[in-house]
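Please read this briefing alongside the sequence and the 3D view, which are shown next.

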Amino acid sequence: MPDDLPLLEVRDLSVSFRSRGRDVPIVENVSFSVDRQEILGIVGESGSGKSVTAMAIMGLIDAPGVKITGSALFRGQELVGLSQRSFRHLRGREISMIFQDPMTAFTPVYTIGWQIDEQIRVHEAISRTGARARTVQLLGDMGVPDPERTANRYPHQLSGGLRQRAMIAMALSCNPSLLIADEPTTALDVTVQAQILDLLRNLRHNYGSSVLLITHDMGVVAETCDRVMVLYSGRVAERGPAEAVFRQPGHPYTGALLDSIPPLTGPRPERLPSIAGAPPPPLERPSGCAFAPRCHYVHESCMILPSLIAYGTQDVACVLPAEGHPLPPRAAGAA
Ligand SMILES: Nc1ncnc2c1ncn2[C@@H]1O[C@H](COP(=O)(O)OP(=O)(O)OP(=O)(O)O)[C@@H](O)[C@H]1O
Ligand SMILES: [Mg+2]
């Protein structure tokens, strides 16, 4: 396929679940793309549909009554409606996913090394010794100390940070072009989190992989991502180059998320401002802008569902910039 096409191009992806006799839209008309060797962040509060979006793309939602519409082209291949058989071929080899809790990726009864060896051997004809050499190399690349010995340990014998590194090693074992990382650092302390983010940032150079990084933390996006998509209540609130979004957020929700990042330098405030209220449950989404009930800038135009409009280098689902009332720009380095 031509190199100028995005690696993943998602258009109008919608996911609904059947509940109490009706289809409840969870993710609505979400569009984004991931370029080669790029890190795209998907950010939003709990329940905004980040995981459902990723799971739909990976063919991992099989709840009864689920409806997935729209398109997700991966290297030109349509993933929406793809058979489980074809997904099995893609997963692990072309697209890998890592989760918040590495214990879900590993079986407790086998060593870490054995499990990574097997993953390699499922996808290619390679000897046991060849697979183990690759496993040790991968663990070493992921910063695991003494990788030969660590490979012979069981998941519960490793610290959380080491398990996370081992899981990324396993996800990379077949050199996928896309790694989907769903909250990969939430359970880790700040120092280990920074090391894992560093690892993800370097994957594009060392492995040529793109990363779709899911997080609720704008600080993580600031440290890692090239572009960002902000989800609110299953819809895109804003998307664009990370740097531009941080400098001049277009959506009040993005601005509020940025305000809740702890400062990198200087004294830490006693309490960070958090956004008052909570996102509406999917069954109770208002017909207009879903953020309106929590928005400082709400006015009557917000009763109509805003569509995405171009705002500088971003796309923003808010009438403020369109009406000539952008949010105030942020001080350089504020995030
Ligand atoms: N199998 C399911 N059936 C019905 N509703 C579901 C199902 N899975 C998820 N949901 C609903 O979809 C919405 C989005 O969930 P999702 O897990 O994608 O959120 P998220 O952004 O990943 O949140 P978090 O930050 O907590 O991980 C939630 O309201 C959730 O209750
Ligand atoms: Mg989630």
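At 16% relative accessibility, does Arg163 count as buried or exposed? Arg163 counts as buried, because its relative accessibility is 16% and buried means under 20% relative accessible area, computed with a 1.4 Å probe on protein chains only. This is a predicted model, in which local features need pLDDT of at least 70, side-chain atom pairs count only at pLDDT 80 or more, and totals for chains, interfaces and linings use all residues. Residues are numbered from 1 along each chain as its sequence is written, and side-chain values use heavy atoms, with hydrogens and water left out.

**Surroundings of Arg163**
- Arg163 is found in helix H6, where helices are DSSP runs (H or I) of at least four residues, numbered from the N terminus.
- Leaving aside residues up to four places away in sequence, Arg163 touches Pro102, Met103, Phe106, Pro155, His156 and Leu158, a contact being heavy atoms within 4.5 Å.
- The side chain of Arg163 reaches the backbone oxygen of Leu158 at 3.0 Å.
- Between the C-alpha atoms of Arg163 and Leu212, which lie 49 residues apart along the chain, the separation is 20 Å.

**Packing of H3 and H6**
- Helix H3 (residues 112-123) packs with helix H6 (residues 160-172) at an angle of about 15°, and their axes, lines fitted to C-alpha atoms over the stretch in contact, are 9 Å apart.
- That angle makes H3 roughly parallel to H6, the term covering angles under 35 degrees.
- Ile112, Gln115, Ile116 and Gln119 in H3 meet Ala166, Ala169 and Met170 in H6.

Notes
Chains are lettered from A and ligands numbered from 1 in the order in which they are written. Axes are lines fitted to C-alpha atoms, for helices over the stretch in contact, and angles run from 0 to 180 degrees between N-to-C directions. Helices (H or I, at least four residues) and strands (E, at least two) are DSSP runs, numbered from the N terminus. Angles under 35 degrees count as roughly parallel, over 145 as roughly antiparallel, 65 to 115 as roughly perpendicular and the rest as oblique. Buried means under 20% relative accessible area, exposed over 50%, partly exposed in between (1.4 Å probe, protein chains only). A polar contact is a pair of N or O atoms within 3.5 Å; within protein, one must be able to donate a hydrogen and the other to accept it, and residues adjacent in sequence count only if both atoms are side-chain atoms.
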